[in-house]
Amino acid sequence: MTEPRADRFVRELGELKIPDPAAGRGSLWLRVGGVLMVLGPVAAIVAYFLAHNTSDPLEQRDALAIALAGVAVSIVGAALFLRYSLTGVLRFWMARQSYDIAELGERLSERKVDLDGMAPVSH
């Protein structure tokens, strides 16, 4: 009996020594990036209300600094989120491509395939 395709894929991922992304710190950084993306705009909104509720120029400048820090935090969070999201997707995509190429290689080696008039593969 042949091994189910999903089990074989998992086994081959293990053979390729591709680490499980759930066990790494990637998911932690992904969450940190998401939290920072939320906290940045919140800080900017809070700074807006701080600046509007006072006529003291010193407090308004502090609020401006808080707003700029919020924008910076949001940008850093977006970069972290994008980096670790793409890492996960690309890691899976590359593993999938490797698996498909191996599968195609096995099919070609098992059968004689007519490649548009090319000589058949012989063993």
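Me: What covers the buried residues of α2?
Reply: The cover includes α3, residues 57-110. Bear in mind that this is a predicted model.

Me: Which α2 residues are buried?
Reply: G33, G34, G40 and A47.

Me: How do α2 and α3 pack, in angle and axis distance?
Reply: The angle is about 160°, and the axes are 7 Å apart. With angles over 145 degrees counted as roughly antiparallel, α2 and α3 are therefore roughly antiparallel to each other.

Me: Left-handed or right-handed, the way α2 passes α3?
Reply: Left-handed.

Me: What span should α2 have, and how far apart are its ends?
Reply: Helix α2 runs over residues 26-52, which is 27 residues. At 1.5 Å a residue it should span 39 Å. The end C-alpha atoms are 40 Å apart, which agrees.

Me: And α3, how far does it reach from first C-alpha to last?
Reply: 79 Å, with 54 residues. That is close to the 80 Å expected at 1.5 Å a residue.

Me: Which residues of α3 are buried?
Reply: A63, A67, G70, S74, G77, L80, A95, Y99 and E103. What covers them includes α1 and α2.

Me: Let's take G77. Where is it found, and is it buried or exposed?
Reply: G77 is in helix α3. It is buried, with a relative accessible area of 0%.

Me: What does G77 touch, not counting residues up to four places away in sequence?
Reply: G33, L36 and M37.

Me: How far is G77 from G34, C-alpha to C-alpha?
Reply: 6.2 Å. Along the chain, G77 and G34 are 43 residues apart.

Me: M37 came up there. Where does it sit, and how accessible is it?
Reply: M37 is in helix α2. Its relative accessibility is 29%, so M37 counts as partly exposed.

Me: What is M37 in contact with, leaving aside neighbours within four places in sequence?
Reply: S74, G77, A78 and F81.

Me: And how far apart are M37 and G70?
Reply: Their C-alpha atoms are 9.1 Å apart in space. In sequence, M37 and G70 are 33 residues apart.

Me: Switching to α1. Which residues are buried there?
Reply: Helix α1 is residues 5-15, and R8, F9, E12 and L13 are buried in it. They cover an arc of only 140° around the axis, which puts them on the same side of α1.

Me: Why would residues three or four places apart point the same way?
Reply: An α-helix has 3.6 residues a turn, so residues with that spacing point the same way.

Me: Which exposed residues are on the face of α1 turned away from the buried side?
Reply: A6 and V10.

Me: What covers the buried side residues of α1?
Reply: The cover includes α3.

Me: At what angle do α1 and α3 cross, and how close do the axes come?
Reply: They cross at roughly 115°, and the axes come within 11 Å. That makes α1 roughly perpendicular to α3.

Me: Which residues make that contact?
Reply: From α1, R5, R8, F9, E12 and L13. From α3, F92, A95, R96, Y99, D100, E103 and E106.

Me: Handedness of that crossing, right or left?
Reply: Right-handed. The crossing of α2 and α3 is left-handed.

Me: What follows α1?
Reply: K17, whose phi is positive, near 60°.

Me: And in the segment before α1, where E3 lies, how accessible is E3?
Reply: E3 has 38% relative accessibility, so it counts as partly exposed. Leaving aside its neighbours within four places in sequence, E3 is in contact with R8 and R11.

Me: Zooming out. How many helices and strands?
Reply: 3 helices and 0 strands. Along the sequence, the pattern is α-α-α.

Me: What share of the protein counts as buried?
Reply: 15% of its 123 residues.

Me: Of contacts with a separation of 6 or more, how many come from residues 24 or more positions apart?
Reply: 74% of them.

Terms used: Residues numbered from 1 in each chain as written. Predicted model: local features only at pLDDT ≥ 70, side-chain atom pairs only at ≥ 80, totals over all residues. Heavy atoms only, no water. Helix = DSSP H or I, 4+ residues; strand = E, 2+ residues; numbered from the N terminus. Expected span 1.5 Å × (residues − 1). Buried < 20%, exposed > 50% of the residue type's maximum accessible area, 1.4 Å probe, protein only. Contact = heavy atoms within 4.5 Å. Arc of directions from axis to C-beta. Axes fitted to C-alpha atoms, helices over the stretch in contact; angles between N-to-C directions. Parallel < 35°, antiparallel > 145°, perpendicular 65-115°, else oblique. Left-handed = near helix turned anticlockwise from the far one by under 90°.
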